[in-house]
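Please keep the sequence and the structure in view while reading.

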Amino acid sequence: MKPLLAVSLGITIEVFVLLVGWGGTSRELLTIAAVQAQEYPSAEMFSAEQLDNLLAPIALYPDPLLAQVLLAATFVDQVDEAARWMRASNDTSAIDDQSWDVSVKAVAHYPSVLYMMSDQIDWTTSVGQAYVYQSTDVMTSIQRLRALAHSAGNLVTNQWQQVVVDGDYISIVPAQPQYIYIPTYDPYIVFFRPTAYFGLYPATVFFFGPPFPIGVWLNY
């Protein structure tokens, strides 16, 4: 059953300025999100604005990969260990023989995602905490962000992904059964304005890397 998610096209001025008005990078957004989240004791819930900020860099990942990223974020020590192991061995054939959680193994099959999570471990920790204590709010935030990107015309079906809109619920699935493409996008633009508004080419805002195989690890 799909959760009932309230998707709004509105957003506070504070978050709008952070995501749009300030021309930083995705890495800087991860850092800011982690610092902002850590300003509050762990017993306190993240606000909707904080969650949007925190999840913006991954909200447009394909659903199978996003599910593994969220769960892997609850195993930050293993994420760090897996990243160090992958950098040393770079042997994807031996990933499934490791003792990590299945979600960490799944993410390890996509090294760029694993390294992003390891390099921004404070951000990853905050994502994991949000997923553990506010899973419904996390999913609501993801849907809210996807609705923004879709309304701006930047989240569309193409040769790399299928975007399925069912009422207020937006799914993103691989366009091909054998391969998954990991998107790279500018969070400061993709959720709010068509790329033409900024005089930019779409590939500078939202583009896809090389194909990665879809294995059984994405089914867990």
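Two strands are taken to pair if DSSP finds at least two bridges between them. The model discussed here is predicted, and every value below was computed from it.

**Strands**

By that rule, strand β3 (residues 179–185) and strand β4 (residues 206–213) pair in the antiparallel sense over six bridges, and within this pairing I180 stands opposite F212 in β4. Strand β3 is mostly covered, since five of its seven residues are buried. In a regular strand the side chains alternate between the two faces of the sheet.

A further antiparallel pairing joins β1 (161–166) to strand β2 (residues 169–174) through six bridges, with D166 standing opposite Y169 in β2. Strands β1 and β2 form a hairpin that has two residues between them, and G167 in the turn has a positive phi of about 65°.

Most residues other than glycine have a negative phi. Against that background, N90 deserves a look, for it is not a glycine and yet has a positive phi of about 50°. N90 lies in the loop between α5 (76–89) and α6 (102–108). Is N90 buried or exposed? With a relative accessible area of 56%, N90 is exposed, because the cut-off for that class is over 50%.

**Helices**

Helix α3 (residues 48–55) is largely enclosed by the rest of the structure, because six of its eight residues are buried; these are Q50, L51, D52, N53, L54 and L55.

Helix α7 is also mostly covered, with seven of its nine residues buried, namely P111, V113, L114, Y115, M116, M117 and S118. How does α7 (residues 111–119) meet α8 (residues 121–133), and at what angle do they pack? The angle is about 95°, and the axes are 5 Å apart, so α7 and α8 are roughly perpendicular to each other. On the α7 side the contact is made by M116, M117, S118 and D119, and on the α8 side by I121, W123 and T124. The residues of this contact divide into four nonpolar, two polar and one charged. Among the α7 residues of the contact, M116, M117 and S118 also belong to the buried set of that helix.

**Aromatic pairs**

A pair of aromatic rings is described by the distance of the centres and the angle of the planes. The count comes to four aromatic pairs, and two of them are set out here.

| Pair | Centre to centre | Angle between planes | Arrangement |
|---|---|---|---|
| Y110 and F212 | 5.6 Å | 80° | edge-to-face |
| W160 and F208 | 4.8 Å | 20° | stacked |

Y110 lies in the loop between α6 and α7 and F212 in strand β4, so their pair ties together parts that are 102 residues apart in sequence. Y110 is buried, with a relative accessible area of 1%, whereas F212 counts as partly exposed at 21% relative accessibility.

Definitions and conventions. Residues are numbered from 1 along each chain as its sequence is written. This is a predicted model: local features need pLDDT of at least 70, side-chain atom pairs count only at pLDDT 80 or more; totals for chains, interfaces and linings use all residues. Side-chain values use heavy atoms; hydrogens and water are left out. Buried means under 20% relative accessible area, exposed over 50%, partly exposed in between (1.4 Å probe, protein chains only). Helices (H or I, at least four residues) and strands (E, at least two) are DSSP runs, numbered from the N terminus. Axes are lines fitted to C-alpha atoms, for helices over the stretch in contact, and angles run from 0 to 180 degrees between N-to-C directions. Angles under 35 degrees count as roughly parallel, over 145 as roughly antiparallel, 65 to 115 as roughly perpendicular and the rest as oblique. Contact means heavy atoms within 4.5 Å. Ala, Val, Leu, Ile, Met, Phe, Trp, Tyr, Cys and Pro count as nonpolar, Asp, Glu, Lys and Arg as charged, and the others, Gly among them, as polar. Rings of Phe, Tyr and Trp (its six-membered ring) pair if their centres lie within 6.5 Å; planes under 30 degrees apart count as stacked, over 60 as edge-to-face and the rest as tilted.
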